[in-house]
Amino acid sequence: MRDIKKVSVIGAGVIGAGWATLIATKGYSVSLYSEKKETLDKAMAKVNGYLEVMKNVKMVSQEPESYTSKIQTTTNLDEAIEGTDYVLEAIIEEYDAKKKLFGYLDERLDKDVILASSTSGLLMTEMQKAMKRHPERGVIDHPWNPPHLLPLVEIVPGEKTSKETLDASREFMDKLDRIVVVLKKEVPGFLGNRLAFALFREAVYLVDEGVATVEDIDKVMTAAIGLRWAFMGPFLTYHLGGGEGGLEYFFNRGFGYGANEWMYDLAKYDKFPYTGVVRSVSQMKDYEFLKGKTFPEISKWRDEKLISIFKLVWGDKFNMK
């Protein structure tokens, strides 16, 4: 594995800004790239905000300036990747844009520089078609938003991704103190988003059918399901739901067996219905919690809540009090 000292983050949206924050707090130099200076300025404002929250809750020990000094911004792609040891792409979720970028990076960089995509569900196999020299160094490193707080990273290989690339990528993510899951094979959406969108699809369906409002559905999630899922996944949850008989009893005789009577009624559409989208968006205007709050205020609230839960669930692993 190349000795990583400098990381190039290509794309300066919320994911790019989160990656830059995380990587800088772990002691690495970061080159953050976007085509527009305005985007970079907004990204650094986000980074400073993230670091202020992290400092306040003692996730980092130094002042924000000591970390932002490790982040260099640029609108020149060649400058961003000069001398880099690892690339994290975080641009728009479109194959054409990603393939164009990966083809260029593959042509320009040494073969031992890993090219990792932060895509939320696109396939590395498709991106590798644009990598004519060394497609084996292409891999997915999918973080969860916000990347500097949520520890999960899903590593997903393409058809041509080498074992060396997977091992090196996992080793680097381990150094960033991530909780790593390496998929055994490629699948669109990976693990987390497939699970999350299965639930979100049902939520939009229930809104579209007039069963409940978006706010009430969120209450169901945060006051029940989400509390369990903060520290137990669905399998452990329903294993306990089966009592002494565990998951086997749950499936054969417990609630899981009874669910067979109504699971047929769950949403089955393969794209969000127009009416469901319109109703969901419209109802957000009446969402009580959002009234009078700006996006930065809501983001700060989210981050503080995430950190509290993170400390409770993962504090021992990460030596956090």
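## Helices α8 and α9

Helices α8 and α9 run roughly antiparallel to each other, because their angle of about 150° is over the 145° cut-off. This is a predicted model. Helix α9 covers residues 214-229. The axes of α8 and α9 lie 10 Å apart. The crossing of α8 past α9 is right-handed.

From α8, the contact takes L199, A203, L206 and V207. From α9, it takes V214, I217, M221 and W229. The contact of α8 with α9 has 8 nonpolar residues, no polar ones and no charged ones.

## Helices α8 and α13

Helix α8 (residues 192-208) also packs with helix α13 (residues 274-283). Their axes come within 8 Å. The crossing angle is roughly 85°. That angle falls between 65 and 115 degrees, so α8 is roughly perpendicular to α13.

On the α8 side, V204, V207 and D208 make the contact. On the α13 side, the residues are T275, G276, V277, R279, S280 and Q283. By class, the contact of α8 with α13 holds 3 nonpolar, 4 polar and 2 charged residues. V207 takes part here, and V207 is also in the contact of α8 with α9.

D208 sits in helix α8. Its relative accessible area is 15%. Buried means under 20%, so D208 counts as buried.

What does D208 touch, leaving aside its neighbours within four places in sequence? The contacts are P273, T275, G276 and R279. T275, G276 and R279 also belong to the α13 side of the helix contact.

## Helices α1 and α2

Helix α1 spans residues 14-25, and helix α2 spans residues 37-56. They pack at an angle of about 50°, with axes 9 Å apart. That angle makes α1 oblique to α2. The crossing of α1 and α2 is right-handed.

Which residues of α1 and α2 meet? α1 brings V14, A17, G18, T21 and T25. α2 brings A43, K46, V47, Y50, L51 and M54. The residues of the contact of α1 with α2 divide into 7 nonpolar, 3 polar and 1 charged.

## L236 in helix α10

L236 belongs to helix α10, which covers residues 234-241. Is L236 buried, partly exposed or exposed? L236 has a relative accessible area of 43%, so it is partly exposed.

P157 and L236 are 79 residues apart along the chain. Their C-alpha atoms are separated by 27 Å.

## The whole chain

The protein chain contains 14 helices and 8 strands. Its C-alpha atoms fill a box of roughly 60 × 45 × 45 Å, taken along the principal axes. The radius of gyration is 21 Å. A compact globule with 321 residues would have a value near 20 Å, so the chain agrees with that expectation.

Of the 321 residues, 42% count as buried; D208 is one of the buried residues. Contacts in the chain can also be sorted by distance in sequence. Among those between residues at least 6 apart, 68% join residues at least 24 apart.

Notes
Residues are numbered from 1 along each chain as its sequence is written. This is a predicted model: local features need pLDDT of at least 70, side-chain atom pairs count only at pLDDT 80 or more; totals for chains, interfaces and linings use all residues. Side-chain values use heavy atoms; hydrogens and water are left out. Axes are lines fitted to C-alpha atoms, for helices over the stretch in contact, and angles run from 0 to 180 degrees between N-to-C directions. Helices (H or I, at least four residues) and strands (E, at least two) are DSSP runs, numbered from the N terminus. Angles under 35 degrees count as roughly parallel, over 145 as roughly antiparallel, 65 to 115 as roughly perpendicular and the rest as oblique. A crossing is left-handed if the near helix is turned anticlockwise from the far one by less than a right angle, and right-handed if clockwise. Contact means heavy atoms within 4.5 Å. Ala, Val, Leu, Ile, Met, Phe, Trp, Tyr, Cys and Pro count as nonpolar, Asp, Glu, Lys and Arg as charged, and the others, Gly among them, as polar. The radius of gyration is taken over C-alpha atoms; the globule rule is 2.2 Å times the number of residues to the power 0.38. Buried means under 20% relative accessible area, exposed over 50%, partly exposed in between (1.4 Å probe, protein chains only).
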